[in-house]
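Work through these exercises with the structure open. Try each task before reading its solution.

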Amino acid sequence: MTAERIQTFRAEITRQGLSGFIVPHADEYQNEYVPACAERLAWLTGFTGSAGTAVVLTGQAAIFVDGRYTLQVRSQVDLQVWTPRHLMDEPVHSWLPTVLRRGDKLGYDPWLHTPREVEQLAEGCSKAGAVLTPCEPNPIDAIWEGRPVPPAAKVVPHELTYTGKPSEDKRHELAAKLKSENVGVAVLTAPDSIAWLLNVRGGDVEHTPLPLGFALLYQDGTASLFLDPAKVSGVLTSHLGPAVRIRPVSDFHETLDQLGKAGERVLCDSNRTASWVTERLARSGARVIEGEDPCLLPKACKNAVEINGAREAHKRDGAAVCEFLAWLSREAQMGQLSELDAQAYLDACRRRQPLWQDASFPTISAAGPNGAIIHYRAADESRQRLEPGTLYLVDSGGQYLDGTTDVTRTIAIGSSAAEHRDRYTRVLKGHIALALATFPMGTTGAQLDTLARRPLWEVGLDYDHGTGHGVGSYLGVHEGPQRISKGGHTVALQPGMILSNEPGYYKSREYGIRLENLVVVVPAKMAGGGGREWFAFETITLVPFDASLIDRSLLNAAEREWVNDYHARVRAVIGPLIDSSTAAWLEQATERIT
């Protein structure tokens, strides 16, 4: 179908006078996970990853993905039609000057790109003498027959029991900052920011409780929320109160024009807002102030209620995963389990937990060579079995009213090879090094990233993804601005931030290893700390590692102590929450290693 679709698409963009078109995996809210109606990249190419960009030109078509998807993209797209490229090694804007010709018109949808992205793409086109051209409506929408309708799930209150701070307090704190910076209004287009600020959640995006809409926050602490009327109920109106005006999303355009006519100074995040919004404001006369989404950092630094909620959610989640692993230890030895069988059982274990709402992302259940596909998704047609002598990687998480979880374990099915144990232990050593890190105020995730990679680097190995991402509070399983990765990330880690700790190793067509816990940044006491604040990580995930895969000769005394202390804590906390058969498995799985 993709060959036929790209032919139809080329005919459409040619009809519009374009030489090519850019198709990102994005929606008008710049979400990582998008509703079905915005899955244009998947519809055109067949690629279903959560990040990627396609560029369709008259004579060629390329699809750009990062290191998580280099194997997946080749298995999903028609390689006779699409040329896969590495998004980080060769960004789209750097590639464009090598393929565009003078006079070419490259189209883009201004709702699907941020101003920063448009600036880079325009520069790439300019180097070739080509022109970047905005297009409305999106030409894919003109040819996509049976395109799903936009979602319209009800927006619901998220109670103070879980948020820890009233929306009114959040709004006034941020408004005071706007006033101090002489900003009249902030445009909020990121659904997780809106959900956090107004203490609401929605159901418009699979696995993430996002309400899709727009908002404006004024310097007096009031706000306007633009939603499809079908999403609004009396309960929501009462929850928000008179200081938050609910308006139809169709009013958003006109409201931006009014801000322009009034000459308002309007804050927009050039990394998170659609370029359409900033261009509309500028055309109407507004003074667009480029700055960070004001919700971004406060949302990332969880308050005491949110952190405690995350701890409690991880206890229940740990119980569910331990129930699954105990079952797996019994059933997998027979060699009859498929990836989908295992996934279904794990998902069922989570659904039985109190406060569970959804998976936090589609479970990655990857046996043998599929483990090397970093964001693999099992399908009916694959039916890969968990075979003795291989590794099984399972990456999964839950959305609970009090927290979001994400955990990865790699399990030996039967006996394991020496290479498996060596690589597993090196990944574990990197995981432990990061878990034990203490660092001064101002330290970024990029500065810590090498701690997790060093045991692999020592033998010439590495992994092609970040070591850690931020995690929300019953929101996105991937949350910024905090990250732990190789470069370009200058946000200092601060108390209350939740991140993943997930080094890995992947051998193409053979196996994959990843070990992931979530951690919270907490204050640390340092003797003679030099008058500076110091921080550390508290691990909140509670699931044992597979001791049969640990080469104990590679661990030093401190690393063995960490594993033993961690397993003792898992046993003490999870033991009372599980049945007797799972408890017997847990007792054995957490035995001391020497």
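**Exercise 1. Find the volume and the lining of the second largest pocket.**

Solution. Start with the volume: about 590 Å³. A pocket is an open set of points on a 1 Å grid over the protein atoms alone, where a 1.4 Å probe fits, with protein on both sides within 12 Å along at least five of seven lines. The volume is the space filled by probe spheres set on those points.

Next, the lining. It has 28 residues, each with an atom within 4 Å of a point. Glu28, Tyr29, Arg40, Arg147 and Pro150 lie nearest the centre. β11 (223-227) and α11 (252-261) each give at least two lining residues. By class, 15 are nonpolar, four polar and nine charged. Nonpolar covers Ala, Val, Leu, Ile, Met, Phe, Trp, Tyr, Cys and Pro; charged covers Asp, Glu, Lys and Arg; the others, Gly among them, are polar.

Two notes on the source. This is a predicted model, in which local features need pLDDT of at least 70, side-chain atom pairs count only at pLDDT 80 or more, and totals for chains, interfaces and linings use all residues. Residues are numbered from 1 along each chain as its sequence is written, and side-chain values use heavy atoms, with hydrogens and water left out.

**Exercise 2. How do the axes of α14 and α19 cross?**

Solution. Take α14 (residues 304-331) and α19 (residues 580-589). Their axes come within 9 Å and cross at roughly 80°. Axes are lines fitted to C-alpha atoms, for helices over the stretch in contact, and angles run from 0 to 180 degrees between N-to-C directions. That makes α14 roughly perpendicular to α19, a label for 65 to 115 degrees.

Then list the contacts (heavy atoms within 4.5 Å). Residues of α14, including Cys322 and Arg330, meet Ser581, Thr582, Trp585 and Leu586 in α19. The contact residues divide into five nonpolar, three polar and two charged.

How values were computed
Helices (H or I, at least four residues) and strands (E, at least two) are DSSP runs, numbered from the N terminus. Angles under 35 degrees count as roughly parallel, over 145 as roughly antiparallel, 65 to 115 as roughly perpendicular and the rest as oblique.
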